[in-house]
Structure formats: structure tokens, C-alpha cells
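Subject: Structure handover

Hi,

Here is the structure I promised to pass on. My notes follow below it.

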Amino acid sequence: MQIVEAEIDGKIIAFDLGDRWVLCEQSGKDYLNRVDAYFARDYSNKTDIVTPEIFVDNKKVQPFGFNYYSTFPGNPIDRPSSPLQKISKKIKDFSGYSQCTYPEYFEGRADWKENGITIIFMARLWDDSAIKLDKNLPRDVYAYREYMIEERQRINADRIEIMRRLKREYGDAFQGGMFQDSFSENRCPDLVVPKSFVKKKNYIDKMKNSDICIGTMGLHRSIGWKTGEYVAAARAIVAERFEYVVPGGFDDGKHYIPYDTIDECLNAVDKLYSNPALLYEMKKANEKYYLEYLKPDRQILNAFLQAGISV
């Protein structure tokens, strides 16, 4: 499970960082009874196939916000526990990979750009063939697996179409492509980029030097990890409309332009691409949001304060 607990001043604070709720109705009820606050990355105020009813309108449950992988030197969670992990860590340290997972490496400043505006969209495809449907499965499990297959197929189709249209309409102003694996090479060989392109340091550098960043919905309707990285870098964002809630009033049109269809996505990109002032204002809004709500120490401090803990 992707739940982390912190106990401070006798209060238990839970942080759920999963793509979807990992607790079912009964286990969720039992768990919420024993914690004082529960901050969920996938916070929603409506019940559906993804969100159990127990989490809706419960005062203990609050939005955690965007997430992405970042760490700090000496983090005990990163401590290698096997000879192979020790070797891997030494390689990462030597290559500089470790430093590009520290918060300051993601951080950017809002910059004015009138010419040479660039767009980035990096993505991967999801192979739905691993999800098996069996008529003997319980009805709710069968229905959820059907949903997961349909979701992956839609995500794949949207990502391919958006990427092809961006390449066609913006040429060299578009940077990006599809993560290289056998599934992507079968589905869209024209979009696949070399693995060197998506290495952490290379990707972050390209993202921070871009102006308009594209985001699509992740699995289980989650907000993709890249979105948090875009905010940290103070970039302008065009993203599929959020199904989940984040704290701090991340507003449509101010912090990002949401879209529901592929045409809306391309129109939003053009709106930012052709309006340097709007582009700059969105970058500034995201820089401010990062410092107030997403910078890792600030994000945790806000959660503690909301849980009634003085730090």
C-alpha cells in the first residue's frame, strides 16, 4: 500500500499517495476510525467506481495535492538494502541522477518568452492485454477490470492523437514523444523517442526549457506525476480536466487550461502559444502556487497545520 503515517503530538496523520483509493469500504471505515487526518492524492468529493462512499464528505479526509518523485540526500527510504542496490546507488550518484531527484532540481522561475516558444509532451502507452476478464470473477471485480481496459485504451488513443497533431502543427517547436517499449513501437513507431531522451536529467532539462507542458489523465483518473513537475518548474500547463481536487485553488485558466476533448487540447495550446502575456501570467501563477502549496516542506507543513498540529 502507498500510505505513509506520521505520529506527532499523539496524532496519527496518514498520507495516501496511490493512483487510486487502496482501501475498500470496510477497511477504509476501520482505518479512518484510528487516524486523526487522512490526506489523499486522489481526493474526490463524489462517489463513483473509483472512490468508496466512506471517503466522501468525511472531515478527516482532505486533498494532499500534486505529487511527483523527489527526495533528499541521506533519505533513509533510499538507503540500499542489498549489494545490487548499493551498486545501483553508486552508479546513480556518479552519473548525477540522484541530484536530479532533489526538489531544487525541478524548480524553475517564470520567464517571459515572446519568440521561440516551445511545447513538450512526453508520455507512455499502457498495455491492456495483461488485464484478464473472467466470467467467474465477482461482478464488481469484473466491472472494474472492464473499466480499467477501457480507460487504458482511451488514454492510449488520446495520447497518440494529441502527439501526432502537435508534431504536425508545430514542427520543431514541439519536443516530445512516446516512451520506447515494444508496445509503443507496435502502436506508434513514428512517435517513439530513444530512451536517452527520457532519462531523468535529460527530460527535466527539456521540460524546464519548454514553455507549454501537456498533461493527460493517468490511470484510475489520477492527475499525472508530470503535472506536479510542471508546476515546480513554473511552466504553463494544458491538461486533461482534473477528476480529483488539490488544495489552494488551482484554477482553470489561471494555473492551467483544462480540456475534455483532443480539439480542446489543441485549441488551448494555440491560445498560450499565440499569447505571450497569458503564457507569462500562467508561469507566474504556477511559481507562486509551488512556493505556497507544493514545495515539499511547505506541502507537509500545510497538512500538519490543517490537522491541528503546531510546528
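By the rule used here, there are 2 cavities of 30 Å³ or more. A cavity is a set of points, on a 1 Å grid over the protein atoms alone, where a 1.4 Å probe fits but cannot get out. Volume is the space filled by probe spheres set on the points, which are joined across faces, edges and corners.

This is a predicted model: local features need pLDDT of at least 70, side-chain atom pairs count only at pLDDT 80 or more, and totals for chains, interfaces and linings use all residues. Residues are numbered from 1 along each chain as its sequence is written, and side-chain values use heavy atoms, without hydrogens and water.

The largest cavity has a volume of about 70 Å³. It is lined by 13 residues (lining: an atom within 4 Å of a point). Met-217, Ser-222, Ile-223, Glu-240 and Phe-242 lie nearest its centre.

The second largest cavity holds about 40 Å³. Its lining is Arg-41, Gly-65, Phe-66, Asn-67, Ile-223 and Gly-224.

Now helix α7, residues 225-232. Helices are DSSP runs (H or I, at least four residues) and strands likewise (E, at least two), numbered from the N terminus. The buried residues pack against α3, α6, β7, β8 and α9.

Gly-228, Val-231 and Ala-232 in α7 meet Asn-286, Tyr-289, Tyr-290 and Leu-294 in α9 (contact: heavy atoms within 4.5 Å). Just after α7, Ala-234 takes a positive phi of about 60°.

Best wishes

Notes:
Axes fitted to C-alpha atoms, helices over the stretch in contact; angles between N-to-C directions. 1 Å grid on protein atoms, 1.4 Å probe; cavity = no way out; pocket = protein on both sides within 12 Å on 5 of 7 lines; lining within 4 Å.
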